[in-house]
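Here is a short briefing to read alongside the model. Please keep the sequence and the 3D view open as you go through the points.

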Amino acid sequence: MSAIRYELGSDQILTLTIDMPGQSANTMNTAFREALDETVSKVQGDLENIRGIIVTSAKKTFFAGGDLNEIHKVTRDDGQAFEDMVNSMKAHMRALETCGKPVVAAINGTALGGGFEIALACHHRIVLNNNSLQLGLPEVTLGLLPGGGGTQRLPRMIGLEAAFPLLMEGKKLRPSAALKAGIIDEIADSPEDMMAKARAFIDANPKCQQPWDKKGFKLPGGAPHHPAMAQKLVIAPAMLKQKTKGCYPAPERIMAAAVEGAQVDFDNGSLIETRYFAELVIGQVAKNMTGTFWFQLNDINAGGSRPEGVEKETFKKVGVLGAGMMGAGIAYSTANRGIEVVLKDVSLESAEKGKSYSETLLAKKVSRRHMTEEKKAEILSRIKATDSTADLEGCDLVIEAVFEDSELKAKVTAEAEPKLVNNGIFASNTSTIPITQLAEASAKPENFIGLHFFSPVDKMMLVEIIVGEKTSDETLARAFDYVQQIGKIPVVVNDSRGFFTSRVFGTFVNEGITMLGEGVHPSSIENAGLLAGMPVGPLTISDEVSMTLMQHVRSQSKKDVEAAGGTWNPHPAEAIIDQMVIEHGRKGKAAGAGFYEYPTKGKKYLWPELETLFVDNEKARDVKLQELKDRILFIQAIETVRCLEEGVLRTVEDANIGSIFGIGYAPWTGGAIQFVNQYGVRAFTERAQELANIYGERFTPPALLLAHAEQEKPFT
Ligand SMILES: C/C=C/C(=O)SCCNC(=O)CCNC(=O)[C@H](O)C(C)(C)COP(=O)(O)OP(=O)(O)OC[C@H]1O[C@@H](n2cnc3c(N)ncnc32)[C@H](O)[C@@H]1OP(=O)(O)O
């Protein structure tokens with residue numbers, strides 16, 4: 001059975017329905033390419049009897065783009081063959097586009113990447129009015145570029161300036177936004193309406209040519225050599241570098257393909273695009289990003305870490321204890337997904353204040369017309385602010401988000417647990433205290449679990465689920481269901497102080513602070529963080545979390561280590577933190593003074609005194625940026641390997657996704673473990689040992705790393 005159904009009607013309209021056998025979504029793979037080849041030959045044979053062509057799909061998704069299973073496997077050795085294959089497929093799309101008859105895309109479902117590029121090759125695009133449908137070119141988010149003609153057709157359609165954000169940010173648009181952006185032509189109310197509109201276009205346009213195939217075509221907004229455009233293009237690469245920090249080749253290649261392609265005819269532009277596409281496909285960054293953001297994320301979302309055999313649960317009523325930043329955010333994210341929330345604090349006033357956080361977020365949505373007033377009211381009505389424990393009666397799940405203090409947490413656990421439904425779950429949102437220790441206050445430790453949210457909760461996609469010694473598989477499975485029900489990504493880890501994310505995050509900030517103590521200039525430290533691909537520098541983030549919190553976590557950890565008979569091994573960063581807080585009263589951003597100054601007006605800037613206090617001019621002059629970047633990425637990756645070695649992490653998928661979505665580990669690497677793999681396990685180990693020789697044993701390769709290095713075996 002062919003992947004493309006060929007139906008020539010008595011009205012001489014040919015309908016091509018893409019329906020790839022054995023796949024739930026259409027993708028560009030060998031079966032598609034063969035079918036396209038056959039179809040185009042048939043069209044050319046039948047051309048005299050064809051008035052127009054409608055391209056549509058038999059699947060829920062119109063077309064999901066290039067086949068990522070195929071793309072991910074292409075190696076450096078296959079580069080030329082891949083390029084030839086892409087050019088051949090594009091030639092077939094081009095043959096339909098230039099056949100002289102009108103070709104209409106009847107887009108009945110989501111069209112992304114190569115799928116949307118098929119639609120762009122048509123003369124007219126009609127989309128079904130369905131707000132869950134997405135249109136766009138998200139390739140850049142996987143380290144790729146739209147290699148199916150997107151970098152050539154989109155600028156020719158809407159101009160370079162308007163096309164750049166769609167191509168370089170990979171935004172997916174709903175039908176109404178796509179219409180406004182000028183990348184589709186019509187919206188249809190029903191499948192019948194869509195086909196009727198397609199026929200009407202064919203009737204009205206018996207001969208069709210793309211604007212760029214017409215004589216005298218001019219690029220909308222001006223060609224690259226047009227003085228106004230040239231002026232913008234001179235600064236565009238520098239602005240892009242400012243965003244990518246040089247870590248992401250895809251946006252740079254997209255810009256190059258679009259600009260270079262706009263200076264030649266379409267067919268040569270298309271060849272330029274393929275060349276850049278193939279370069280990215282065989283490159284390491286696309287392998288890292290596709291591997292993690294597509295394959296590993298899919299594995300996690302498909303329930304890879306959820307114990308089997310437990311019936312899926314739908315949560316109806318959730319209690320949240322503590323209406324501070326975290327509690328308020330958890331309440332919002334939960335109510336937003338249709339679950340009743342009881343938001344409890346010690347006073348009704350505090351609880352109401354927590355609820356007002358949801359009101360603010362929802363009002364913003366309404367003002368941006370992303371939500372109706374009715375919907376806002378409906379969501380808010382699901383949150384009951386209270387100071388009474390009695391209101392927790394009948395909750396399926398209670399999450400405590402009170403202050404990071406074991407005694408307080410024990411108190412609220414004992415109060416709330418009796419109110420849960422039979423077999424209800426009690427979860428702690430602690431970011432550091434071991435779950436097994438907190439579960440000692442629980443009457444049902446098998447139903448006790450950690451749900452570690454990240455701030456701000458409404459934006460951060462990750463929830464770290466922490467399994468205590470006594471937590472049952474059933475509780476884990478049901479907690480996993482809750483996280484998915486609220487649309488977040490569940491990463492499962494075993495218990496340990498700081499679990500996975502806080503532990504690794506700690507190594508990042510401590511390394512940056514240690515560099516300062518060594519005499520490195522603070523701006524070099526911040527720069528190294530950004531150039532390594534971290535979202536912010538280590539000193540910025542230290543101020544955000546506050547140095548007093550770091551001190552608090554340290555003293556709690558030290559107490560526990562010593563109570564267990566161990567010896568606390570101080571980190572070189574501790575003395576700097578103490579000096580900042582105790583000697584200079586600089587606690588962080590919330591206190592208005594930390595490594596940075598926070599003027600009431602204007603931007604923050606590095607505290608000038610840091611230079612006098614810490615900077616060693618000779619050291620600052622000699623510092624090698626690559627060494628600083630290595631330290632930042634290596635120290636986190638080494639700690640992640642330790643978490644795997646100790647069984648805190650259960651899978652490589654959880655490690656990679658958790659490190660990126662939880663602590664912002666440089667996304668270009670594909671995650672902390674993928675960084676080790678792509679560096680080469682042996683080479684990574686040798687470099688780690690070098691760093692250990694210079695900076696101390698925190699860089700010493702753990703045994704698990706040595707074992708992998710010995711066999712040159714990547715982590716899987
Ligand atoms: C030159 C061109 C380059 C490119 O185009 S690169 C690729 C760019 N495209 C994308 O990034 C889109 C990736 N796909 C998606 O985001 C989603 O999918 C959709 C929104 C299209 C549909 O979502 P939903 O309805 O939830 O379906 P589902 O479960 O995600 O997908 C159904 C099955 O189709 C497979 N699949 C989807 N897209 C691709 C793809 N691009 N390459 C290979 N497989 C794909 C999935 O894995 C799954 O498979 P199973 O049924 O075995 O679970």
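R586 is buried, because its relative accessible area is 7% and buried means under 20%, with exposed over 50% and partly exposed in between (1.4 Å probe, protein chains only). You will find R586 in the loop between α23 (573–583) and β18 (596–597), where helices (H or I, at least four residues) and strands (E, at least two) are DSSP runs, numbered from the N terminus. The side chain of R586 makes a polar contact with the side chain of E597, at 3.0 Å. A polar contact is a pair of N or O atoms within 3.5 Å; within protein, one must be able to donate a hydrogen and the other to accept it, and residues adjacent in sequence count only if both atoms are side-chain atoms.

This is a predicted model, in which local features need pLDDT of at least 70 and side-chain atom pairs count only at pLDDT 80 or more, while totals for chains, interfaces and linings use all residues. Residues are numbered from 1 along each chain as its sequence is written, and side-chain values use heavy atoms, with hydrogens and water left out.

**Another arginine in a loop**

- R382 sits in the loop between α15 (373–381) and β12 (383–386).
- With a relative accessible area of 10%, R382 is buried.
- The side chain of R382 has a polar contact with the side chain of E378 at 3.0 Å.
- A polar atom of the R382 side chain also lies 3.0 Å from the backbone oxygen of A335.

- I383 belongs to strand β12 and counts as buried at 3% relative accessibility.
- Between I383 and I339 there are 44 residues of sequence separation, and their C-alpha atoms are 8.8 Å apart in space.
- G498 is in the loop between β17 (489–494) and α19 (501–518), and its 6% relative accessibility makes G498 buried.
- The C-alpha atoms of G498 and I379 are separated by 33 Å, with the two residues 119 apart along the chain.

**The ligand and its shell**

- How many residues surround the ligand? There are 22, and the closest are K60, A64, G66, L68 and G114; a residue is near a molecule if one of its heavy atoms lies within 4 Å of it.
- The shell divides into eight nonpolar, 10 polar and four charged residues. Here Ala, Val, Leu, Ile, Met, Phe, Trp, Tyr, Cys and Pro count as nonpolar, Asp, Glu, Lys and Arg as charged, and the others, Gly among them, as polar.
- Helices α2 (68–73) and α4 (114–120) each supply at least two residues of this shell.
- A backbone N or O atom of G66 is 2.7 Å from an oxygen atom of the ligand.
- A polar backbone atom of A64 is 3.0 Å from a nitrogen atom of the ligand.
- In the side chain of S24, an N or O atom lies 3.2 Å from an oxygen atom of the ligand.
- The protein covers 67% of the 950 Å² of accessible area that the ligand has on its own; such areas come from the Shrake-Rupley method with a 1.4 Å probe, and for residues only the protein chains shown count as cover.
- The ligand takes up the space of the second largest pocket. On a 1 Å grid over the protein atoms alone, a pocket is an open set of points where a 1.4 Å probe fits, with protein on both sides within 12 Å along at least five of seven lines. A molecule sits in a pocket if more than half of its atoms lie within 2 Å of its grid points.

**Backbone points to look at**

- S455 and P456 are joined by a cis peptide bond, with omega about -5°; P456 lies in the loop between β15 (448–453) and β16 (462–467).
- Q12 is not a glycine, yet its phi is positive, near 65°.
- Q12 is in the loop between β1 (4–8) and β2 (13–18) and counts as partly exposed at 31% relative accessibility.
- N423, also not a glycine, has a positive phi of about 70°.
- N423 lies in strand β14 (residues 420–428) and is partly exposed, with a relative accessible area of 29%.

**A loop between two helices**

- E646 lies in the loop between α26 (625–645) and α27 (652–663).
- Is E646 buried or partly exposed? At 48% relative accessibility, E646 counts as partly exposed.
- E646 and L704 are 58 residues apart in sequence, and 9.4 Å separates their C-alpha atoms in space.

Terms used:
On a 1 Å grid over the protein atoms alone, a cavity is a set of points where a 1.4 Å probe fits but cannot get out, and a pocket is an open set with protein on both sides within 12 Å along at least five of seven lines; lining residues have an atom within 4 Å of a point.
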